Amino acid sequence: MTAHITASDKVAIIRICTGSGCVMSGSLAAAERLEEAIAAAGATDRVRVVRTGCHGLCDLGPIAVIDPDDIFYPGVTEEKVAAIIDSFLGGGAPISEYLYRVTEDAEPVTRYRDMPFNRLQHRIVLRNCGIVDPESIDDARAHGLYDGLGRALTRMSPQQVIDEMKASGLRGRGGAGFPTGVKWESGRRTKSDEKYVIANGGAFINRSIMEGDPHSVLEGMIVCAYAVGDVRKGYIYVRDEYQLAVRRLELAVEAARQAGLLGNDISGSGFDFDIEIRRGAGAFICGESTALMFSIEGRRGMPRATPPHSVEAGLFGKPTVMNNVETLANVGWILSNGPSAYAELGSGGSRGTKVFALTGKVRSGGLVEVPMGVTVDTLVHEVGGGCSGDAVCKAVQIGGPSGGCLPAELFDTPMDYEALEAVGAVVGCSEIVVMDEHDCMVDAARYSLSFTQAESCGKCVPCRIGTKRMLEIVTRICKGEGQMSDIDTLERLGVDIQRSSLCGLGRTAPNPVLTTLRYFRHEFEEHIVDRRCRAGQCKEISTFRIIAEVCTGCGVCKKHCPVDAISGIAQETHIIADALCVKCGLCELHCPFEAIEHS
């Protein structure tokens, strides 16, 4: 176990997460108690508290890491603060019962870097999240932010900046994966008296970056504007729900102006550029570039046909270069460390690292950044620790609600643009939802399709009508009312919608259905032919019963039933009242003797 810090010439730092997840868990109150306890002990000269952005392990918050020994405390409530500070200042070992354990009987993990979730990570985009105070430009600059910008403005021409982006292999992190340097070069070649750059910050991953390291986004935007040329104004488009991200971006923009990094004659270079933050209404369709631009202009967020492309005629009819927030957060690091250092990471045509939101039925979920090209299995089992409890991982959905669902047999697929596309998935918004044997793939497809169908702007017929018809069919199958001909109809509709929709939402909306039909067709057939849901999730065709020969009358199922549908006395066979049962499956999940089955 790592020896604890005692009094020394170096100031120890307690970094406590104040990202949205940990704030909801009470991290602000815990941070105040930490500061009060340190002050009461007269130790402000030896210890200071830094309120950081997201560390990644959101389900363990509030999170605190004590440097320089990298001591990791999850779940730091106000009640734990006094004991942590007393132990820390007294030079004792970390409090064992407060440390993280993979399982209850496992040895505690003392250091943050030794967390299984962190061992394979290579942080570039998230390099400062959980480290810097996102509301302090001085702290940001002390950790190297704006160094890349300084190099670009003083030692590089705009074309040299573009050449380094191309050499790095950086591709857009918003889903399509278009080469960033090529996009910037196209913007530069377009002649106009006025151009714009936009940062798209709509996805969940983007929120954490903006909350935890807003200056990395600003630096990337400034460099982009310099490289493209004739750009004096940029916009960061943020969902209005991301209130903390908006506030920290506003603080960062004002601090950058005060420091001479935004506005006229940036750092004495003769380059003028400023940034405005625009709040969106949270529409999924506004992740599409042309719809986003209409929203900034104050119009309804609806896509338009292309060409002309945005680099030719975008915002306010002027040439516009748009990048995802995650893409821009790479730029400063590449300029500071060199394009070859970035290109060394990744595989094939997908270089660098990628941030993924790992969620669902996984033991350790959260934000993880790994080199592109690692396999799905590595993310799910080595980083995420596999499925919770004794469950077996059955599938993953990659790319958010428009992503494809892959079976366990394809978990050796590399996480890169071309490999995922080949098996029907997309990088998309980089969300990975892990599913186990208790999940119904037909219902999972229905859930995703219901979201994209509701978010359709309605402008084009294939998306507006086609996704509605697909949803009706899948819903009917979930109710046990499907026909075998429905499978052919779904496949035909899905392909037609992909080929003929106006924008990316429509072209990817059928993905969940088409991939589940491709890899889990047998579950569709069971719903249609046998009127059976093997996972017991489709309530209209599921019935739960207790196996009399196996039941011991322990009462665990009765205890977990939320509607009191289970009756019976101790040590005698229990009974489920089908008329009361809501088919939640909690009884089957918690039965220690596997005495409950569904059909």
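This briefing walks through the cores, some helix pairs and a few backbone details of the structure above. The model is a predicted one. Its largest nonpolar core has 64 residues, and helix H9 (residues 214-228) gives the most to that core, with 10 residues. A second, separate core of 45 residues is also there.

**Cores and helix H9**

- In the largest nonpolar core, the residues with the most contacts inside it are Tyr146, Trp184, Met210, Ile236 and Phe273.
- As a general background point, nonpolar side chains in soluble globular proteins tend to be buried together.
- Helix H9 is largely enclosed by the rest of the structure, because 15 of its 15 residues are buried.
- From first C-alpha to last, H9 reaches 21 Å, close to the 21 Å expected at 1.5 Å a residue.
- Glycine 229 follows H9 and has a positive phi, near 85°.

**Helix pairs**

- Helix H17 (residues 461-478) and helix H18 (residues 485-500) have axes that come within 10 Å and cross at roughly 155°. Since angles over 145 degrees count as roughly antiparallel, H17 is roughly antiparallel to H18.
- The H17 and H18 crossing is left-handed, and the residues that meet include Met470, Ile473 and Ile477 in H17 and Leu490, Leu493 and Ile497 in H18.
- Helix H16 (residues 441-455) and helix H20 (residues 511-519) have axes that come within 8 Å and cross at roughly 165°, so this pair is roughly antiparallel.
- The crossing of H16 and H20 is left-handed too; Met441, Ala445, Ser448 and Leu449 of H16 make the contact with Pro512, Val513 and Thr516 of H20.

**Backbone details to check**

- Most residues other than glycine have a negative phi, and most peptide bonds are trans.
- Glycine 61 and proline 62 are joined by a cis peptide bond, with omega about -5°; proline 62 lies in the loop between strands S2 (47-52) and S3 (64-67).
- Another cis peptide bond joins aspartate 67 and proline 68, with omega about 15°, and proline 68 is in the loop between S3 and strand S4 (71-73).
- Tyrosine 146, in the loop between helices H4 (137-142) and H5 (147-155), has a positive phi near 75°. At 3% relative accessibility, tyrosine 146 counts as buried.
- Aspartate 265 has a positive phi near 50° and sits in the loop between helix H10 (243-258) and strand S7 (274-280). With a relative accessible area of 40%, aspartate 265 is partly exposed.

Technical notes:
Residues are numbered from 1 along each chain as its sequence is written. This is a predicted model: local features need pLDDT of at least 70, side-chain atom pairs count only at pLDDT 80 or more; totals for chains, interfaces and linings use all residues. Side-chain values use heavy atoms; hydrogens and water are left out. A nonpolar core is a set of buried Ala, Val, Leu, Ile, Met, Phe, Trp, Tyr and Cys residues joined through side-chain atoms within 4.5 Å. Buried means under 20% relative accessible area, exposed over 50%, partly exposed in between (1.4 Å probe, protein chains only). Helices (H or I, at least four residues) and strands (E, at least two) are DSSP runs, numbered from the N terminus. The expected span of a helix is 1.5 Å times one less than its number of residues. Axes are lines fitted to C-alpha atoms, for helices over the stretch in contact, and angles run from 0 to 180 degrees between N-to-C directions. Angles under 35 degrees count as roughly parallel, over 145 as roughly antiparallel, 65 to 115 as roughly perpendicular and the rest as oblique. A crossing is left-handed if the near helix is turned anticlockwise from the far one by less than a right angle, and right-handed if clockwise. Contact means heavy atoms within 4.5 Å.
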